[in-house]
Amino acid sequence: MWFRYTNSVVLDNFEVTMEYQFIRDPIAGFRVKMSAEHELVGRWLNDELAHDAVPALLARLKEIKATRDECCLEGREVRLIVTHQEALFEAHDLYHEQTDALSAFSDDALALEEHGLSAGCGFEDFEALLLDWQDFIRRRR
């Protein structure tokens, strides 16, 4: 069972679309698939955010909107920084030091691929995603 949601935002006469698809898999449980430029957001939602933590995060977003404060959530693999304007997702691999195991392969011209290690979206888009996610989980239990 899957449901597709599309959230479109117009910025300076340029439409930006964040597409996501919610899936209830009998084996993997609730999952989200995101468009390519937002894959890290989907990874964070699937692997870092517990379903029962969504209401508390939505409450924190209301505080951020009112106070213009910011919030940083350190996950196992992804860091989320939320301001009143945007949500920024950064994989910990983005700050990977070349002094570890990869340096042993430097002769092979291996490099850390940075594509997909960071993603961002507007505050309202992130809030809409979380509200849709919460609604999907509630209706499918």
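## Confidence

In this predicted model, pLDDT stays under 50 over residues 8-15, a stretch with 9 contacts beyond four places in sequence. Here pLDDT is the predictor's confidence in each residue, from 0 to 100. A contact means heavy atoms within 4.5 Å. Residues 109-113 also have pLDDT below 50, and this stretch has 5 contacts beyond near neighbours in sequence. Where pLDDT is low, the predicted coordinates should not be read in detail.

The mean pLDDT of the chain is 81. Of its residues, 72% reach 70 or more. Confidence is lowest in strand 1 (residues 2-11), with a mean of 49. Confidence is highest in helix 2 (residues 54-67), at 97.

## Ground rules

Residues are numbered from 1 along each chain as its sequence is written, and side-chain values use heavy atoms, with hydrogens and water left out. As this is a predicted model, local features need pLDDT of at least 70 and side-chain atom pairs count only at pLDDT 80 or more, while totals for chains, interfaces and linings use all residues.

## Overall layout

The chain has 3 helices and 7 strands. Helices (H or I, at least four residues) and strands (E, at least two) are DSSP runs, numbered from the N terminus. Along the sequence, the pattern reads β-β-β-α-α-β-β-β-β-α.

The chain has 141 residues, and 35% of them count as buried. Buried means under 20% relative accessible area, exposed means over 50%, and partly exposed lies in between (1.4 Å probe, protein chains only). Take the contacts between residues at least 6 apart in sequence: 50% of them join residues at least 24 apart.

## Helix 3

Helix 3 covers residues 123-140, 18 residues in total. From its first C-alpha to its last, helix 3 reaches 26 Å, close to the 26 Å expected at 1.5 Å a residue. The expected span is 1.5 Å times one less than the number of residues. Buried residues of helix 3 include F123, F126, L130, W133 and Q134.

## Helix 2 against helix 3

Helix 2 and helix 3 pack at an angle of about 155 degrees, their axes 10 Å apart. That makes helix 2 roughly antiparallel to helix 3. Axes are lines fitted to C-alpha atoms, for helices over the stretch in contact, and angles run from 0 to 180 degrees between N-to-C directions. Angles under 35 degrees count as roughly parallel, over 145 as roughly antiparallel, 65 to 115 as roughly perpendicular and the rest as oblique.

On the helix 2 side, the residues that meet helix 3 are V54, P55, L57, L58, L61, I64 and K65. Their partners in helix 3 are F123, F126, E127, L130, L131, W133 and Q134.

## Helix 1 and its cover

Helix 1 (residues 39-47) packs on helix 3 at about 40 degrees, with the axes 13 Å apart. The two helices are therefore oblique to each other. V41, W44, L45 and N46 in helix 1 meet F126, L129, L130 and W133 in helix 3.

Helix 1 has these buried residues: L40, V41, G42, W44, L45 and N46. Their cover includes helix 2, helix 3 and strand 7 (118-122).

## Two loop residues

T83 sits in the loop between strand 5 (78-82) and strand 6 (86-91). T83 is buried, at a relative accessible area of 18%. Leaving out residues up to four places away in sequence, T83 touches I64, D69, E70 and F123.

A53 lies in the loop between helix 1 and helix 2. A53 is partly exposed, with a relative accessible area of 26%. A53 and Q134 are 81 residues apart in sequence, yet 9.8 Å apart in space, C-alpha to C-alpha.
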